[in-house]
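Hello,

The structure we spoke about is pasted in below. My notes on it follow; please read them with the coordinates open.

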Amino acid sequence: MSTRRRLSQLLLASHMGLTLLFALLLLTTGVGTVRSAVVGQARTEAERALSEARTRLQEWQRELTVTADLLAEQPTLGFYLDRGQITKARDLVEDFHGTSDVDYLRVQWDGRTLAEEGLKPPAFETGLSFDERGAAWRIVQRTLPGEPRASIVLAEQLGARLTAPSQGALVEVRLEPPIEAADATDPWKKVLRSVSESGEPVTVEDIGATAAARIVSLRASDGSSRALLSARVGKDWVQRRTIEWLAAFGGSILATFALALGLAVLLAARIARPFAQLAAEAERLGGGDLTTPVTRPETFLSEPVALAGSLEEMRVQVAVLTATERRQREELDAILNGVDEGIVGIDADGQIHYANRQFLELIGRRHEEVLGEQLDNVILPIASLQPADASPSGLTPPERYVPAGGSRSLTVRRLRDSGQRTVLVVREENAVEAARAMRDRILANLSHEFQTPLSAQIASIELLRDHLRSGSDQVAMRLADAQFRGTMRLSQLVENLLESVRIESGEMRLRRQPVDLAEVASEAIELMQPLIDQRDQRVVANIQSGPLITGDAPRLLSVVVNLLANANKFAPDQTAIWVSTEWRDETVTLWVEDEGPGLPPAYSVRDLFAPFRRSPEEEPTQRGTGLGLAIVHAVVAAHGGEVRVDAPVQRGGTRIGVVLPLRGST
């Protein structure tokens, strides 16, 4: 058995479970949203960084141009060059290089280099240039004013000027030479090649280790690509940023969960408290306290208040019913103590749980000495007077007992209820009961003794008839047929006699099985055919099939056989017997009609179905026991039906119908 939980625990668990489920759903759906937002931020950062890098690139170009103009406009440099003071010109260039930020400085005169300072650039033409390591250089060439034979060249490496200090490792800004041929397996090179050829700026995402990148092509005055400027944001930054956002989101969820937990505890306590009070009230009612009214809980919920009202109504009704049941039990005890028979109730283990006053007087004991005792310790069976354990008749005559320690002979009949309990009706055996019991045993034994040789005789006669059919001895064949009909008649009489004993003793039990009534009727006609053929009668059958009914097929077969046997006996020779079925919504009726003399006018229904009654005035010429219709009536009544006697519809005679219910049909 599973462990029971309190309502407050279940409410708290369900509330927190729903909160966790909602949080998980938010996290599941939020991961994609957060990642998309972070990728969008990376894209924006790449575009902004590229825009700032272009601005810084222009400032760098402008600064180098201004520096070159300042040196070119130095009058001292022109003076030294004009008078051929080369040493002084070199000293001036060296001082200027030392005080400026340029990486390279050169002075030429008539194509000759007079002074040169710093690391040489990859080229000397004005513009951008890239060395063999891919480092970018800015080169500016100027002619001295008034001295067309003299010129200067300034060059400076790009270095880290493109990346703003605030960007740090967030954005990688690079200035690269144009891509003339790209490896097809390198997606980044392919994009650079495309931008270099088209000249159109692009923004791309999810390339290699890059989450987002912005690329532009720097063009010369003739439209050719001079360099590619790119700003890239790596995937590791996107992942780190996503984790940071999710951590912040998870923190807010945890705070919300803690708040929800506190609210859930308070709410679960308020909801569960009135139900706990009602559970205590119900436990008190279950303990038998029906006098104290049910207290209504103070709560904002309508259900506990309604439940408390229902419990109070139930308490009042149970109190009334208990008082009524107590009075009825006292009245029943008075009635059972007033009957002449002893009444005993025993459970499935054979223990006595009830005994009335008459039973106590029969056995000579007190009430407290009997209750809880085993039945076999109170009354003892008389083995010599008990019915056979395996009686072929199926009868259960009353059992014979004597009180423990006494000699008074008692008869006991068992009545079993629908459960596991049994009620015993006990009385002192008198002469009438002894004679009736003796009669029942004699009839049961005689029926058994008759049925065994009759069954063997019927089988032998059937074998004899089969043997005689292949020969030409018609006399022997007629004698065998007559012997078979007589044996069948005798078997039917014995069966009717045995069935009458069952009915009278109250031991007739029905088998509850699906039954095809049309098939039962056809089998009965086939069984009675030899007796019908003996009197040159014929059966006109109009049997229609219908739904299966619930009943005892062998006993229903005996009903139809007895009706056909009566028609066969009382109708003249060379007449017809009509058998038909009539199906309705709730019942089915089987009619058997003959051309006999019909029922006498003074014949009542009570006389018709009474056992051993054949005629109210005189004994009829046909031989019989008068048990057939009594058995028909008893079996049909046990099936919940009725036997009807109607006016004939074919010719003058008797018309009897068996009406059976279709309730419980399969």
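Directly after helix H15 comes Gly 640, which has a positive phi, near 80 degrees. Please bear in mind that this is a predicted model.

The buried positions are Gly 628, Leu 629, Ala 630, Ile 631 and Val 632, then Ala 634, Val 635 and Val 636. An α-helix has 3.6 residues a turn, so residues three or four places apart point the same way.

Now the sheet. It is open and has 5 strands, which run in the order S17-S19-S20-S22-S21 with mixed pairing. The edge positions are taken by S17 (538-542) and S21 (642-646); each has a single partner strand, so one side of each is left without a neighbour in the sheet. From one strand to the next, the twist averages 20 degrees.

At the S17 end, S17 pairs with S19 (residues 576-583) in the parallel sense, over 5 bridges.

Elsewhere in the chain, I looked at Ser 196, which lies in helix H4 (residues 187-198). Is Ser 196 buried or exposed? Its relative accessibility is 9%, and the cut-off for buried is under 20%, so Ser 196 counts as buried. Apart from neighbours within four places in sequence, Ser 196 is in contact with Pro 178, Ile 179, Ser 217, Arg 219, Ser 225 and Leu 228.

Finally, the totals for the protein chain. It holds 15 helices and 22 strands. Of its 666 residues, 39% are buried. Among contacts with a separation of 6 or more, 57% are between residues 24 or more positions apart. The chain exposes about 37400 Å², of which carbon and sulfur atoms supply 53%.

Regards

Note on methods:
Residues are numbered from 1 along each chain as its sequence is written. This is a predicted model: local features need pLDDT of at least 70, side-chain atom pairs count only at pLDDT 80 or more; totals for chains, interfaces and linings use all residues. Side-chain values use heavy atoms; hydrogens and water are left out. Buried means under 20% relative accessible area, exposed over 50%, partly exposed in between (1.4 Å probe, protein chains only). Helices (H or I, at least four residues) and strands (E, at least two) are DSSP runs, numbered from the N terminus. Contact means heavy atoms within 4.5 Å. Accessible areas come from the Shrake-Rupley method with a 1.4 Å probe; for residues, only the protein chains shown count as cover. Two strands pair if DSSP finds at least two bridges between them. Axes are lines fitted to C-alpha atoms, for helices over the stretch in contact, and angles run from 0 to 180 degrees between N-to-C directions.
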